Amino acid sequence: MGVLAKQAVEKIRGYVLAAVIFAGLIGCGRTAPPGVLVGESAHFRLYVDPGAEVPAGLKGENALAALETEWADVHTMLQMPDGKISYYWLAPEHVAAACGEADEGACIWERSLEIDSPTLPNPHELNHAYAYLRKQREPVPFLAEGIAESIECGSDAPMNAPDVPWEGVVAAQATSDDVYVQGGAFVRYLMRKYGVAAFLSYYEQSPEQRDPALFAANFQSYWNVTLDQVWNAIHVIPPGSVWTGETKICPCSLPPLEPTGAVTNDPARAPYWPLPETSGQTLALTPPAGDFVNVRDCAGVQPILSGPSVLARIFGSEPRYVLPSLATATAGNYLADDCADAAPFSGPIVGMVFGGATIAITRPAGGTETVYLDLASSFSGTLRAGLTQICGTCGFDQGSCQPIAAGTMQKVQGPFFGRATLPQFAVAPAFDILEGDIDILGQ
């Protein structure tokens, strides 16, 4: 038999095996997911339900491009081998039947590498698939759901895991909410502290029995620390620290944002942008009308910067990323150490019925930071919060400027200069100076 013939036979055998597995699944209380084959890429076979909620930027081949973008991004962390995932993008009302559970929002069938989801991409279910591609096993739900909850570049709110006994979580079924919340916090902590490769090596040798004593003994043998010690580190806030919660880990491997003006939003190929190096300049980010800017920390431990626009001077080695949609991105001296050096800024803060800007400087711990802003456009309105002093010229030190008491509503006529003193904002395990809001209420 020739090589091509052998390949054809093997391909047919693969399809037959998949069909047998699928038929078995259908017999276990689920119905076949509806969907039309849209196409096939290196790692995905995509089916779209005619009733699926498909945004304009993810129609047709763009959906496959989005899946491949997500694969390439997460591959920089999980290093999964090649494989082919069947992805069914379903109408929300069809998910429960396809998953075989009335309360399921999405699911994966690992043996056939099939995902049924009302959204695309679904990082949680994809992480399950990636972990299964690395090693076909059934770890305890605490770890399986923990790794699925660990990697995502999204808009989830910061999380705090309540301090509950770990024994019950290790022994719990996947139906327990604690498995997701505590498992995610646990896995993210290990990834941040020891690195992804070390965590994956541990994960792939961990016990598959939901036995707390066995789990704890294996954990201590592998890491040379007790599970109690790690649990305490996750749940106990160090004295003197302010903890605002943590978010999932983003690989931040995609091309960085180019701060050259207008931004092209492409959710399939740029679902987020790492922030570029601006050499001490300010990154000015503005969203489409009525939207908000959302700047996040790649490691998931720093506070989120959010507002109708964001002016940020970002120092240090902790990378950050910004989510779509954006209207403009520019780099300039918008937050200056000296008033005369401030570059004019006229973003959505100016000329709107309601506008605002978040100003932030990130750097290691140490006192406060004073910055100056040149708000160059003419307007009249009421200034609310953020600035500590405003002035018609750069004469801040001559007593010619209006001080602004905290909580007051100061009427202003632009253009003007502003001065803000930003306090130290402590957050374990690092420190940022955050965050003043400037809001203008138009008259």
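Mentor: Happy to! A residue is called buried under 20% relative accessible area, exposed over 50% and partly exposed in between, using a 1.4 Å probe and protein chains only. Keep in mind that this is a predicted model, where local features need pLDDT of at least 70 and side-chain atom pairs pLDDT 80 or more, while totals for chains, interfaces and linings use all residues. Residues are numbered from 1 along each chain as its sequence is written, and side-chain values use heavy atoms, without hydrogens or water.

Trainee: Got it. How many disulfides turn up in the whole structure?

Mentor: Five, from a search of the whole structure, where a disulfide is a pair of cysteine sulfur atoms within 2.5 Å. Counting bonded cysteines along the chain, they follow the pattern 1-2, 3-4, 5-6, 7-9, 8-10.

Trainee: Let's take Cys 252. Which cysteine is it joined to?

Mentor: Cys 298, with an S to S distance of 1.9 Å. The torsion about their S-S bond is about -90 degrees, so this disulfide is left-handed. Cys 252 sits in the loop between helix H10 (227-235) and E6, and Cys 298 in the loop between E9 and E10, so the link spans distant parts of the chain, 46 residues apart. The labels come from DSSP runs numbered from the N terminus: helices are H or I with at least four residues, strands E with at least two.

Trainee: And are Cys 252 and Cys 298 buried or exposed?

Mentor: Both are buried.

Trainee: What about Cys 339 and Cys 394, how far apart are their sulfur atoms?

Mentor: 2.3 Å, and they form a disulfide. This link is left-handed too, with -70 degrees about the S-S bond. Here Cys 339 lies in the loop between strand E13 (328-332) and strand E14 (344-345), and Cys 394 in the loop between strand E18 (389-391) and strand E19 (402-403), 55 residues apart. Cys 339 counts as buried at 5% relative accessibility, whereas Cys 394 counts as partly exposed at 36%.

Trainee: Switching to sheets. In what order do the four strands of the open sheet run?

Mentor: E7-E12-E9-E10, with antiparallel pairing. Strand E7 (273-274) and strand E10 (305-307) are at the edges with a single partner each, so one side of each has no neighbour in the sheet. Two strands pair if DSSP finds at least two bridges between them.

Trainee: Now the rings. How many aromatic pairs are there?

Mentor: The structure holds 20. Tyr 222 and Trp 223 have ring centres 4.7 Å apart and planes at 75 degrees, so they are edge-to-face. The rule: rings of Phe, Tyr and Trp (its six-membered ring) pair if their centres lie within 6.5 Å, with planes under 30 degrees apart stacked, over 60 edge-to-face and the rest tilted. Trp 223 is buried at 10% relative accessibility, while Tyr 222 is partly exposed at 30%. Another edge-to-face pair is Tyr 272 and Tyr 321, 5.3 Å centre to centre with 65 degrees between the planes.

Trainee: Why does that pair tie together separate parts of the sequence?

Mentor: Tyr 272 lies in the loop between strand E6 (260-262) and E7, and Tyr 321 in strand E12 (residues 320-322), so the pair ties together parts 49 residues apart in sequence. Tyr 272 is buried, with a relative accessible area of 1%, and Tyr 321 counts as buried at 1% as well.

Trainee: Last topic: which residues touch the most other members in the largest nonpolar core?

Mentor: Among its 54 residues, they are Leu 46, Tyr 130, Phe 142, Leu 143, Phe 186, Phe 199 and Phe 215. Helix H2 (residues 61-78) gives the largest share, nine residues. A separate core has 20 residues, including Ala 284 and Leu 335. Such a core is a set of buried Ala, Val, Leu, Ile, Met, Phe, Trp, Tyr and Cys residues joined through side-chain atoms within 4.5 Å.
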